[in-house]
Amino acid sequence: LREAAEISIDNGVQQLIGKARQESVETAFDRAQKMSPVCTFGSAGVCCRLCLEGPCRIMPNGREPQRGICGAGVDTIVARNFLAALVSGTAPHAEHGREVALALLATAEGKTPFAIKDVDKLLVIAGELGIATENRETSEIAREVALKALEDFQKQQGAMNWVDIRAQGKTRETWDKLGLTPVNAHLEISRAVTRGAMGCDADPLNLLLGAITMGLVDGFAGLHLSSDLQDILFGTPRAVKSKYCMGVLQPRMVNIAVHGHVPMLSEKIVEWAGRLNGEAKKMGAEGINVVGVCCTGNELLMRQGVPVASSFSSQELVIVTGAVEAMVVDIQCIMPGIQKVAECYHTNIITTMGDVKIPGATHVEFHPETADHAAEQIVRLAVQNFTRRDASRVAIPEETVEAYAGFSVEQIIEVLAKLDGEQPLKPLADAIASGAVRGVAALVGCTNPREKQDFGNVTVAKELLRNNVLVVTTGCAAHSLGKHGLMNISGLDYCGAELRNVLITLGKAAGLPALPPALHMGSCVDNSRPANLLKAVADYLGVAIRQLPVVGSCPETHSPKAMSIGTYFIACGVDVHVGVNPQIGGSAFVTAVLCNDRSAGGITTDEVFGGKLIYQPDPLQAAKTLLDRIDQKRAELGLPV
Ligand code: NFS
Ligand code: SF4
């Protein structure tokens, strides 16, 4: 077995790996090792299981067979598999958006216990959508906004409403010209599934253009629509201070870990944990402690300052502390393995969605309409479970790390406005122009049990910061940066001198000693926020997003959702680095199009959209490639390099 130090650079996670092994509890880190060596066909993306003639797989180096039984060549198979991965990344994000839209509609109609928390944002978005707002009830406006959102899953002509309100004009021109702009999310997902099916689209370039449309569906129906409506319902995040690491679990409290993605459930769990605190005391506990896991952790951190225990790859280890009464999950990134681990302790796994069940787990069905009832029931189950805790099995790693989060675009603009009230983007644009901020990088995506946890994310971030690149972050990558000190003031030591000065100036303007080196912008669907920031800066400078010295990096990704998000950014004109094999290597054609190999003379995404995929497992090398790209874009803008 791999040494704990090879599995994660987080001390708490290392300790818990030791505990799990001592107690014969298997986790994803150990299973990842059992899965080695990896299948070379799957890794290259050359196997096809689309029909019952197969499975077919293409041999490397020209050996036979070179075609599937139906005659599909390797480029078709790899492109189809890439499109399929994007569909499985985009569909869950689109479902996320649709569920929030339905929740907003039900709330506007008075059918849920939720309220419209950010009326100002509601009015702004309504205005953008062309909805009249003068002398109208909030609920009426909210209802129309929700219906406009639902149109993005229904309309048969034109473009999605969220493309109309969120895409940059200059950037969108290319998509419109190529006929790639999505009409509605469900229509495009259905089309993508259909064209990728056996005997349908066999043109690899056409399939890759389909993948770009999937990326756009992800960006607008998944990211933008979800964040916008969640801000309306639950409030737009503002700077907040909290804590990271397993040490946020409390030895004498009822611990509830909330895990998944959609804030509807978790917001209510936090509320009910507060309301039932007295019940926990009656059971002999000191109260109820809610901690976050994965993107639900990000959502609660951003809006409520709830501390964060774990990112994706170490989710099972939260349970291994022996101190978790309930792990409550909704959708996405929930390892089925948590139930097996929970069975070794007293932890109750509670599933809440009809489409996401785990055998052996307790299921408490959650709907926005009955949110209070479900949340109360779940918190009571956790409190009752406290008596089953075995004190001799409890070991919570002590370390916690302080972190600032909550950097919505609104919050960032508010800080910038302290320096220039008229033109808040000017100080940022000026800093980029002068080179004090060499560029902007979004450090995003996951942690992956095959990878050394946090190492890639933190290494790329530190290297970019050292070179004066402003780092914004989301998803589980944000957990990595938070845990390793890049979201608190001490992390400024990692920044280049110029960037540090900018962060200190901005922080002082906001009444803080400084801004943290990595600005936490939220969950994965909140990648809409960095996208909005880029659009704002590009519009201010009068250029297209593709011209900006900005990059994205996903060093430890595992999820197809991250691939969909990455494709959205590539379509916007931003290079995206992945540190984990994207499984396209079997096709020189697909690799050339996505990774900008122009030697074969074909067209590439870089040429058409201004962004490409960079696959580089070595984080230092990746950072260097990203810096080169930033400098290239600076030079093209005529900025000093
Ligand atoms: Ni994003 Fe969030 Fe984490 Fe990766 Fe999964 S939780 S949606 S996919 S693993 S960042
Ligand atoms: Fe084989 Fe073609 Fe069927 Fe795929 S679609 S399994 S390549 S016959």
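View 1. What you're looking at here is a predicted model. Side chains in a regular strand alternate between the two faces of the sheet. β14 covers residues 550–554, and since five of the five are buried, the strand is largely enclosed by the rest of the structure.

**View 2. β14 alongside β11.** Strand β11 takes in residues 439–443, and it pairs with β14 in the parallel sense. Four bridges link β11 and β14.

**View 3. β14 alongside β15, with the crossover.** β14 also pairs with strand β15, residues 575–578, again in the parallel sense and over four bridges. To get from β14 to β15, the chain goes through helix α24, residues 560–572. That makes a β-α-β crossover, and this one is right-handed.

**View 4. The shell around ligand 1.** Now for the ligand: 13 residues surround ligand 1, and the closest are H261, C295, C333, C476 and C524. Two helices to pick out here are α14 (294–304) and α21 (475–483), each of which supplies at least two residues of the shell. Sorted by class, the shell around ligand 1 has seven nonpolar residues, five polar ones and one charged.

Note on methods: Residues numbered from 1 in each chain as written. Chains lettered and ligands numbered in written order. Predicted model: local features only at pLDDT ≥ 70, side-chain atom pairs only at ≥ 80, totals over all residues. Heavy atoms only, no water. Near = heavy atom within 4 Å. Nonpolar A, V, L, I, M, F, W, Y, C, P; charged D, E, K, R; others polar. Buried < 20%, exposed > 50% of the residue type's maximum accessible area, 1.4 Å probe, protein only. Pairing = 2+ DSSP bridges. Right-handed = clockwise from strand over helix to strand, strands pointing away.
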